[in-house]
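Look at the model first, then read on.

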Amino acid sequence: RQTSPSPNPFPEGEELSLAAAARRLAPISPTPRLDAELLLAHALGISREALLLGPGRPVPPAFEALLRRRLAHEPVAYITGTRSFWTLDLHVTPDVLIPRPDTETLLETAIAHFTGRAPRIMLDLGTGSGALLLAGLDQWRSAWGLGLDQSAAALKVARGNAERLGFGDRAAFVRGSWADALDARVDLVLCNPPYVESGAALPPDVADHEPSAALYAGPEGLDDYRSLIPQLPRLLAPQGLAVLEIGATQAAAVRRLVEAAGLKAVTAKDLAGLDRCLAVTAP
Ligand code: GLN
């Protein structure tokens, strides 16, 4: 074998390198082994599934640079540029919030509401990467969807995802601030707004890397709900549903805003048993 110009820091092969990487990541990540697998798959230019199924490959020196970025708290999804959400693999950049598994609660809640029928028109307020809207379009193959965001950079990511995943002809994206400019009635409103209290201490992965405009919403984290909830009565079609993501302690406060707008709300919990979503309908 030829000697390479710089020595490979991973001479010990795939499994031992993964184990060593996971040990180094353990102090900073709740999912060290998964992170290591995703980063190694990225360094090899293959999927995690292919990595796990495939033959042990030589570990490329590039793996070390990716590990160091993760050790400096950069989220895996921004390092690899992808994140799975619901049935989809989405492209993500630091211009968009990384889709979280908790947010799938909104889709489960919507599916439970639309039994035996499908929403025809969906609106995703604060679409970011397009995660909720595109997952909805994948779920309901005859539906059409509009994604709204105030960030032009986020809309570019969302449009790219829609095109790449084959939803280009059923999705449109518009720049705007909540639903101010919109004059339409939709069957399903999807919305994961910013809801973190402005002073809250978030983990460095989130605070130092994810877009603050997608996270913080004033001193109680309620600013965005206060502006968007009053729009819902005119946006919802008869029998329509709005699913709003909420912080774990916000159900009562957001429910009051929903009721003040003349609508009714039912709370849904995420997999961790925390209040995560309000299902909002006409009373
Ligand atoms: N759940 C996210 C977090 O705590 C917040 C998402 C949001 O504000 N919409 O990082």
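The model is predicted: local features need pLDDT of at least 70, side-chain atom pairs count only at pLDDT 80 or more, and totals for chains, interfaces and linings use all residues. Residues are numbered from 1 along each chain as its sequence is written. Helices (H or I, at least four residues) and strands (E, at least two) are DSSP runs, numbered from the N terminus.

Helix α6 spans residues 104-113 and α7 spans residues 131-139. Their axes come within 10 Å and cross at roughly 35°. Axes here are lines fitted to C-alpha atoms, for helices over the stretch in contact, and angles run from 0 to 180 degrees between N-to-C directions. Leu106, Leu107 and Ile111 of α6 touch Leu132, Ala135, Gly136 and Gln139 of α7 (contact: C-beta atoms, placed from the backbone, within 7 Å). This contact has 5 nonpolar, 2 polar and no charged residues. Ala, Val, Leu, Ile, Met, Phe, Trp, Tyr, Cys and Pro count as nonpolar, Asp, Glu, Lys and Arg as charged, and the others, Gly among them, as polar.

## Two partners of α4

Helix α1 (residues 14-25) and α4 (residues 62-71) have axes that come within 10 Å and cross at roughly 20°. That makes α1 roughly parallel to α4 (angles under 35 degrees; over 145 is roughly antiparallel, 65 to 115 roughly perpendicular, the rest oblique). The crossing of α1 and α4 is right-handed. Ala21, Arg24 and Leu25 in α1 meet Leu67, Arg70 and Leu71 in α4. By class, that is 4 nonpolar, no polar and 2 charged residues.

Helix α2 (residues 32-44) packs on α4 at about 140°, with the axes 9 Å apart. Helix α2 is therefore oblique to α4. This crossing is right-handed. On the α2 side are Asp35, Leu39, Leu40, His42 and Ala43; on the α4 side are Ala62, Phe63, Leu66, Leu67 and Arg70. The contact of α2 with α4 has 7 nonpolar, 1 polar and 2 charged residues.

## Around the ligand

Which residues are around the ligand? They are Arg100, Asn192, Pro194, Tyr195, Val196, Leu202, Val206, Leu215 and Glu245 (each with its C-beta atom, placed from the backbone, within 6 Å of the molecule). This shell divides into 6 nonpolar, 1 polar and 2 charged residues.

Methods
Left-handed = near helix turned anticlockwise from the far one by under 90°. Contact = placed C-beta atoms within 7 Å.
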